[in-house]
Amino acid sequence: MGEKLQRPVLITGGGRRIGLALAHHFLDEEAPVVVSYRTRYEAIDILEERGATCLQADFSNDEGIFAFAEAVRSRCDGLRAIIHNASVWEAESPEVPRQDTLARMLQIHVHAPYLLNHELAPLLRGYGHASSDIIHFTDYVVERGSDRHMAYAASKAALDNLTRSFARMLAPEVKVNAIAPGLILFYEEDDAAFRQKTLNKSLMKIAPGEKEIIDLVSYLMTSCYVTGRSFAVDGGRPLRW
Ligand SMILES: NC(=O)C1=CN([C@@H]2O[C@H](COP(=O)(O)OP(=O)(O)OC[C@H]3O[C@@H](n4cnc5c(N)ncnc54)[C@H](OP(=O)(O)O)[C@@H]3O)[C@@H](O)[C@H]2O)C=CC1
Ligand SMILES: Nc1nc2c(c(=O)[nH]1)N=C([C@H](O)[C@@H](O)CO)CN2
């Protein structure tokens, strides 16, 4: 397996979109990076060519989460940060039993970060005051609930709450914060009508792209005082209702 990595930034779900952009950002900064991926996109080959360590992981059951934690421990003696990006935006649907939707949402947004933080906390500790970070990606719906994504919103709300518990548990060595995005990115297949309707839901009326998230992650990782807080990146969306 070779030498162990020097305190990499660990990003879950780093194979596409925001997680992928974060991985490239840290590689640009010459920071060591570990990403988890579920689907092996071409983007993973490129990350590996750039020096990232990419570990296949499926968090849809607890065994997959524990196996990933063990894989990280076997490659790293320490971690600079854990960024919990992996997520599924699943709506309730009449064809799917509600309990299955709820279980999947809790699995990816609560079991995975809760278990990984406990499993990997020893790798974040021991480097001094405010020297490590955990960042949870939640959602602006944590504040207001959701009509179409009720289980998703509830699971992200639980993750928001875990932010404060882990901040208490791991201070003062590890800062633990949440980022609560509104619309950041569209999907290529989103049509013009959907895009316009969605843009109109915020005050700022743009899909800002990954840079807004990268800038906030950089700020949080630079701070030596900010912990246990949630940061909205939502274009003022809650004010539109
Ligand atoms: N994009 C946006 O506008 C918004 C994003 N957010 C939050 O920001 C974060 C990033 O968003 P975005 O880039 O759009 O996320 P995506 O939904 O595009 O990607 C999430 C990643 O998580 C991975 N993942 C999903 N389920 C599992 C699993 N069971 N095991 C392992 N990995 C898994 C996916 O892998 P695979 O590709 O294999 O499915 C994917 O790579 C998320 O937490 C999201 O909820 C919040 C509000 C708005
Ligand atoms: N895991 C994901 N979570 C969310 C996504 C997404 O694509 N993947 N998208 C959104 C929306 O953009 C929404 O906030 C705007 O209508 C929410 N969560």
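Student: Which residues in H4 meet H6?
Tutor: Thr101, Leu102, Met105, Leu106, His109, Val110, Pro113, Tyr114, Asn117, Ala121 and Leu124. Their partners in H6 include Tyr152, Leu159 and Phe166. Contact is set by C-beta atoms, placed from the backbone, that lie within 7 Å. Helices (H or I, at least four residues) and strands (E, at least two) are DSSP runs, numbered from the N terminus.
Student: What classes make up that contact of H4 with H6?
Tutor: It has 15 nonpolar, four polar and one charged residues. Ala, Val, Leu, Ile, Met, Phe, Trp, Tyr, Cys and Pro count as nonpolar, Asp, Glu, Lys and Arg as charged, and the others, Gly among them, as polar.
Student: What should I know about the model and its numbering?
Tutor: It is a predicted model, where local features need pLDDT of at least 70, side-chain atom pairs count only at pLDDT 80 or more, and totals for chains, interfaces and linings use all residues. Residues are numbered from 1 along each chain as its sequence is written, while chains are lettered from A and ligands numbered from 1 in the order in which they are written.
Student: At what angle do H4 and H6 pack?
Tutor: About 15 degrees, with the axes 8 Å apart. H4 covers residues 98-124 and H6 covers residues 150-170. The axes are lines fitted to C-alpha atoms, over the stretch in contact for helices, and angles run from 0 to 180 degrees between N-to-C directions.
Student: Why give both values?
Tutor: Because two packed helices are described by the angle between their axes and the distance between the axes. H4 and H6 are therefore roughly parallel to each other (angles under 35 degrees count as roughly parallel).
Student: New topic. Where is proline 172?
Tutor: In the loop between H6 and strand S6 (174-181). A cis peptide bond joins alanine 171 to proline 172, with omega at about 0 degrees.
Student: And what is phi of arginine 17 near?
Tutor: Near 50 degrees, a positive value in a residue other than glycine. Arginine 17 lies in helix H1 (residues 17-28). Arginine 17 counts as partly exposed because it has 15 C-beta neighbours inside 10 Å. The cut-offs: 20 or more other C-beta atoms within 10 Å is buried, 12 or fewer is exposed, and in between is partly exposed.
Student: Which residues are closest to ligand 1?
Tutor: Gly13, Arg17, Arg38, Thr39 and Ser87, among 24 residues that surround ligand 1. Each has its C-beta atom, placed from the backbone, within 6 Å. H1 gives the most to this shell, with three residues.

Terms used. Parallel < 35°, antiparallel > 145°, perpendicular 65-115°, else oblique. Contact = placed C-beta atoms within 7 Å.
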